[in-house]
Amino acid sequence: HKWLHGAAEEEAEHAAELAAVADASVDLAAFEADKIKGAIRTDFVLSAEIIVIALGTVAGTAFSKQVTVVSLIAIIMTVGVYGLVAGIVKLDDLGLHLMLKKGKSIYRQCQRKIGNGLLMFAPKLMRFLSVAGTAAMFLVGGSIIGHGIPALHHLAEPLKEISFMLPMLLDAAVGIAVGAICVGLFTLVSKFLPKKAH
């Protein structure tokens with residue numbers, strides 16, 4: 001994204017977002033719907049990757065054990081990981097809530113300072129998580145694909161003896177290559193599809 005989209009394009013997108021927020025006629029819930037759809041797609045891909053990994057670890061066991069393991073992982077991931085994600089998403093709301101506390105006591109002043117700190121920290125955390133999450137998807141996706149292709153799987157085995165980082169770099173390369181092919185195919189197909197009416 002950084003290489004293919006210039007600063008002018010990003011500034012124009014940011015200006016459009018600010019204009020939408022300032023315009024009272026714009027339904028902000030509908031405006032955010034596209035962002036939410038993107039987050040749901042990302043969560044779906046990560047969930048699918050986790051389930052595939054879980055199934056791979058118990059592939060040779062009885063069906064009842066496979067169901068139990070996958071069900072437990074699904075519950076843990078839903079409550080633990082997505083609960084944590086929900087908390088991170090609401091971090092700025094918590095910061096604003098603390099900043100709006102009234103009063104001159106030291107306790108209230110501390111609350112406002114903590115709230116201000118959370119509001120400053122939340123965007124940086126989200127930016128870091130977007131990069132780390134994308135990298136994780138490439139690594140995990142590349143690993144799943146690599147395990148499904150015998151030649152790549154056998155190539156990764158001797159690399160472990162040299163360094164534990166080399167198989168991860170191979171997984172990343174496979175994930176990026178497959179991702180690039182998918183983006184290329186999606187872009188090509190979308191050019192031939194009819195445009196949605198706005």
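What follows is a chat about a predicted model.

Visitor: Before we dig in, what should I know about the numbering and the model?

Guide: Residues count from 1 along each chain as its sequence is written, and side-chain values use heavy atoms, with hydrogens and water left out. This is a predicted model, where local features need pLDDT of at least 70, side-chain atom pairs count only at pLDDT 80 or more, and totals for chains, interfaces and linings use all residues.

Visitor: Fine. How many helices and strands are there?

Guide: The chain has seven helices and zero strands, which reads along the sequence as α-α-α-α-α-α-α. Helices (H or I, at least four residues) and strands (E, at least two) are DSSP runs, numbered from the N terminus.

Visitor: And how much of the chain is buried?

Guide: Of its 198 residues, 13% count as buried. Buried means under 20% relative accessible area, exposed is over 50%, and partly exposed is in between (1.4 Å probe, protein chains only).

Visitor: Which residues make up the largest nonpolar core?

Guide: Five of them: Leu91, Leu98, Leu118, Ala122 and Leu125. Helix H4 (91-99) and helix H5 (106-148) are the elements that give two or more residues to this core, and H5 brings the largest share, three residues. A nonpolar core here is a set of buried Ala, Val, Leu, Ile, Met, Phe, Trp, Tyr and Cys residues joined through side-chain atoms within 4.5 Å.

Visitor: Switching to charges: which residues gather in a negative patch?

Guide: Glu9, Glu10, Glu11 and Glu13 do, on the surface. Glu9 belongs to helix H1 (residues 7-22) and is partly exposed, with a relative accessible area of 43%.

Visitor: How many salt bridges does a search of the whole structure find?

Guide: One. The side chains of Asp93 and Lys90 meet in a salt bridge (3.4 Å, N to O); the term needs a side-chain nitrogen of Lys or Arg within 4 Å of a carboxyl oxygen of Asp or Glu. Asp93 is partly exposed, at 39% relative accessible area.

Visitor: Last topic, Gly175: buried or exposed?

Guide: Gly175 is buried, with a relative accessible area of 8%, and lies in helix H7 (residues 165-192). Gly175 and Ser143 are 32 residues apart in sequence and 7.6 Å apart in space, C-alpha to C-alpha.

Visitor: And how far is Ile144 from Val52?

Guide: Ile144 and Val52 are 7.8 Å apart in space, C-alpha to C-alpha, and 92 residues apart in sequence. Ile144 is in helix H5 and counts as partly exposed at 28% relative accessibility.

Key. Patches are made of residues with over 30% relative accessible area and no salt bridge: like charges are joined within 9 Å, nonpolar side chains (Val, Leu, Ile, Met, Phe, Trp, Tyr) within 5 Å. Accessible areas come from the Shrake-Rupley method with a 1.4 Å probe; for residues, only the protein chains shown count as cover. Lys and Arg count as positive and Asp and Glu as negative; His and the chain ends are not counted. The place of a charge is taken as NZ of Lys, CZ of Arg, CG of Asp or CD of Glu.
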